[in-house]
Structures are given as C-alpha cells and as structure tokens.
Amino acid sequence: MKNFVYLFAAGTMALAACSSDPAYKISGTVEGIADGETIYLQEAQGRELIKLDSAVVANGAFTFNGRQDAAVNRYITYTPAEGKRIMADFFLENGNITVTLGEESKIAGTPNNDIYQAYKTESTALNKEIMAMYEKGKAEEMTDEQKAEMEKTLESLYNKQNDLIYNTIDANITNPVGIHLWPGNSYSMELEQLQALAAKVPAEYKSNERIAKLLKRIEVLAKTAVG
C-alpha cells in the first residue's frame, strides 16, 4: 500500500511539473532595441495584424511562453519610436523557438520553422541576385548583346526561384509549411503542377479555407483546360 501511495504521489508531481512547463518557448533578440520596449506576437486577419500577446524586452532579450495544439502561422513584430516596423512571420508550435529580428530576421529551432527559414534564406538570396541585375541594368549603358545576356541570366534566376517555390511546397505539402506557401504561390504554377500537389494534400488540410478555395479553382481550371 505504501508503495502504491508513493507511486501515485510521484506520478502526480510529475504531471504537475509537466503542466507547469510551457509547451513552447520563444526566445528572441532585436537589433538595437532598448530594455523596456515591447514586442508583440500577432495573427494576420485579412490585411490586419491582431495582437495576441506581448513581451517586454529585458537585458536585450524577450520571451513568450505558452501552449499550441497545432502549428499556425504567426508574426513577431516590433515598432520603434522612429523608423519602420520590424516583423517576421513564423510557425507557432510547441518547442524552443529562437528569434532574431532585424533587417534579415531569422527564426528557427522547431521542425516547421527550420524548414521555413531554409526556404526564406534561399529565396532572399535569389531575390538579391535579381535586384542586383536590375540595378546594374539601370546604372550601366548596355549593348544589345549585353542586354540579351542579362535577360538570359534573369530568366535563369526566375526559373530557379519558381523551382525553389514548387520543390519546397511539393516536399512539404503534408505539413504546415507547404500548406501555408501553396495558395499564395499557386498562380505561377502550371495546371499539371497544381493537380500533382492537390493529389498529395492530406484530408486534414482540405477543410482549410485557403486550400479549399484553391482545390475548387483547380477543378474549374481542369474543366476549362484546352483538350
């Protein structure tokens, strides 16, 4: 009997310890921020961001704690007294999430955020190359041959960008990253690509409002396609 009471008490203490621990912990820093300033955890609703939680910066860092049943896309934001708002979207999910807000924000530490950050890092690098080509075209007088070469390079970069988008979504269509990225990037895809992705969407995501609309659009496109 004593053993049973001991085991019951130990089990109760373990459960209490588990319930008191946060399921997610967001630990972050912001470039050039002062102690006492506020960071917000926000949700996008249409074109507006709705505040869900706030954290005050102490010793140059901020922390959010909580529990999350399923991974969802959210934003970390900071608005300085002067200058533009700094913000970065990420996946709020259980685990230890690290955030560095700045000109090029980085958020990682959990499975979906690691995938999403890798995608954003590669996408940002490609965008920089594309913008550099355009700036070069504005700054320099080019011969027709040079212009043709630049257009060829730009086409190659855009193809890489499209491949990155499609391949990332295709590899993650069964998790929140692919489901989040697909609707916003679907208009650059061919019907065959859309249908291939549609066939892989798990049943649990088909009730997602954005995915449901996209699946309906794919059905319409398929019915009106040539042939």
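This report looks at helix packing and salt bridges in a predicted model.

## Helix 3 against helix 4

Two packed helices are described by the angle between their axes and the distance between the axes. Take helix 3 (residues 144-172) and helix 4 (residues 176-185). They pack at an angle of about 140 degrees. Their axes lie 8 Å apart. Angles over 145 degrees would count as roughly antiparallel, and 65 to 115 as roughly perpendicular. Helix 3 and helix 4 are therefore oblique to each other. The crossing of helix 3 with helix 4 is left-handed.

Which residues make the contact? Helix 3 supplies Ile-165, Thr-168, Ile-169 and Asn-172. Helix 4 supplies Val-177, Gly-178, Ile-179, Leu-181, Trp-182 and Asn-185. By class, the contact of helix 3 with helix 4 has six nonpolar and four polar residues. It has no charged ones.

## A residue on helix 3

Asp-163 also belongs to helix 3. Is Asp-163 buried or partly exposed? Its relative accessibility is 45%, so Asp-163 counts as partly exposed.

Now compare sequence with space. Asp-163 and Met-189 are 26 residues apart along the chain. In the model, their C-alpha atoms are separated by 10.0 Å.

## Helix 5 against helix 6

The next pair is helix 5 (residues 191-198) and helix 6 (residues 209-224). Here the packing angle is about 135 degrees, and the axes are 10 Å apart. Helix 5 and helix 6 are therefore oblique to each other. Their crossing is left-handed.

From helix 5, the residues in contact are Leu-191, Leu-194, Gln-195 and Ala-198. From helix 6, they are Leu-215, Ile-218, Leu-221 and Ala-222. The contact of helix 5 with helix 6 counts seven nonpolar residues and one polar residue. No charged residue takes part in it.

## Salt bridges between parts of the chain

How many salt bridges does a search of the whole structure find? The search finds five. Among them is the pair Lys-120 and Asp-89. Their closest N and O atoms are 3.3 Å apart. This pair links distant parts of the chain. Lys-120 sits in helix 2 (residues 111-139), and Asp-89 sits in strand 6 (residues 86-92). The two residues are 31 residues apart. Asp-89 has a relative accessibility of 12%, so it counts as buried. The cut-off for buried is under 20%.

Another salt bridge joins the side chains of Lys-128 and Glu-104, at 2.3 Å from N to O. Lys-128 is in helix 2. Glu-104 is in the loop between strand 7 (95-101) and strand 8 (106-108). The pair therefore ties together parts that are 24 residues apart in sequence. Both ends are partly exposed: Lys-128 has a relative accessible area of 46%, and Glu-104 has 39%.

Glu-209 forms a salt bridge with Lys-213. The closest N and O atoms of this pair are 3.6 Å apart. What separates Glu-209 and Lys-213 along helix 6? They are four residues apart in the helix, so about one helical turn lies between them.

Are these two residues buried or exposed? Glu-209 is exposed, with a relative accessible area of 56%. Lys-213 is exposed too, with 58%. Exposed here means over 50%.

How values were computed:
Residues numbered from 1 in each chain as written. Predicted model: local features only at pLDDT ≥ 70, side-chain atom pairs only at ≥ 80, totals over all residues. Heavy atoms only, no water. Axes fitted to C-alpha atoms, helices over the stretch in contact; angles between N-to-C directions. Parallel < 35°, antiparallel > 145°, perpendicular 65-115°, else oblique. Left-handed = near helix turned anticlockwise from the far one by under 90°. Contact = heavy atoms within 4.5 Å. Nonpolar A, V, L, I, M, F, W, Y, C, P; charged D, E, K, R; others polar. Salt bridge = Lys/Arg side-chain N within 4 Å of Asp/Glu carboxyl O. Buried < 20%, exposed > 50% of the residue type's maximum accessible area, 1.4 Å probe, protein only.
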